[in-house]
Amino acid sequence: MIDDLLDLQRLESGCCNLVSEPIFLPFWISQLTKPFLVRAQERQQELQIYIEEDLFLIHSDPTSLERVLGELLNNACKYSPPGAQIQLSITAPSSTQFLLCVSNTGVEIPMDEQSRIFDKFYRIPSGDPWKQGGTGLGLTLVQKLVESLKGEINVESGAGMTSFRINFSK
């Protein structure tokens, strides 16, 4: 928790130095998702990964991007019931942007809670039926990291599914 608070403070003050590097997606994603594939299987969930066919290379800060995707995949595994499907997709809707999306079935974020999930220390009441706990800082950090990477994050939830979509300019 202390590390998360310090990271959040650095992000809010603009004191973090991000280094944009080329990221070869097929290798990078396979390394990043290994532990989540195991975790999903242990929890009887299915994790699917989709990278657009022609999208092999992006430029971003790999450490920050890893933290963003790690937090979103962790939450998807943590809050999805057995039998749920979790999907990570990376696409390029245009030549000037790429889109990361983490979706999971079996869980919805109520509409009246969606505007608050990025607030510090906020946890959805009754949103943790398995009592796994958390600090309420994860999505706040995700939002601040995405903003520092010049991206925008949105959540959509309904019909038994939740999706976090992150748009980045190339």
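In helix H5, which spans residues 138-148, the buried residues are Gly138, Leu139, Thr140, Leu141, Val142, Leu145 and Val146. The model described here is predicted. Just beyond H5, Lys150 adopts a positive phi of about 65°.

An open sheet is built from 5 strands in the order S2-S4-S5-S7-S6, with mixed pairing. Strands S2 (46-51) and S6 (151-158) stand at the edges and have a single partner strand each, so one side of each lacks a neighbour in the sheet. From one strand to the next, the twist averages 15°. S2 and strand S4 (residues 85-94) run parallel and are joined by 6 bridges; Gln48 has Gln87 in S4 as its bridge partner.

Helix H2 (residues 25-42) packs on the sheet and touches S2 and S4, its direction making about 170° with that of S2. H5 also packs on the sheet, where it touches S6 and strand S7 (161-169); the direction of H5 makes about 140° with that of S6.

Ser64 belongs to helix H3 (residues 62-79). Its relative accessibility is 7%, and Ser64 therefore counts as buried, the cut-off being under 20%. Leaving aside residues up to four places away in sequence, Ser64 touches Leu18, Leu145 and Leu149.

Phe27, by contrast, lies in helix H2 and is exposed, with a relative accessible area of 54%. Together with Phe24, Phe56 and Leu57, Phe27 makes a nonpolar surface patch of about 440 Å².

**Salt bridges.** The structure holds 2 salt bridges. Side chains of opposite charge can pair when their charged atoms come close. The accessibility of the four residues is as follows.

| Residue | Relative accessibility | Class |
|---|---|---|
| Glu147 | 40% | partly exposed |
| Lys144 | 24% | partly exposed |
| Arg165 | 31% | partly exposed |
| Glu156 | 44% | partly exposed |

Conventions. Residues are numbered from 1 along each chain as its sequence is written. This is a predicted model: local features need pLDDT of at least 70, side-chain atom pairs count only at pLDDT 80 or more; totals for chains, interfaces and linings use all residues. Side-chain values use heavy atoms; hydrogens and water are left out. Buried means under 20% relative accessible area, exposed over 50%, partly exposed in between (1.4 Å probe, protein chains only). Helices (H or I, at least four residues) and strands (E, at least two) are DSSP runs, numbered from the N terminus. Two strands pair if DSSP finds at least two bridges between them. Axes are lines fitted to C-alpha atoms, for helices over the stretch in contact, and angles run from 0 to 180 degrees between N-to-C directions. Contact means heavy atoms within 4.5 Å. Patches are made of residues with over 30% relative accessible area and no salt bridge: like charges are joined within 9 Å, nonpolar side chains (Val, Leu, Ile, Met, Phe, Trp, Tyr) within 5 Å. Accessible areas come from the Shrake-Rupley method with a 1.4 Å probe; for residues, only the protein chains shown count as cover. A salt bridge is a side-chain nitrogen of Lys or Arg within 4 Å of a carboxyl oxygen of Asp or Glu.
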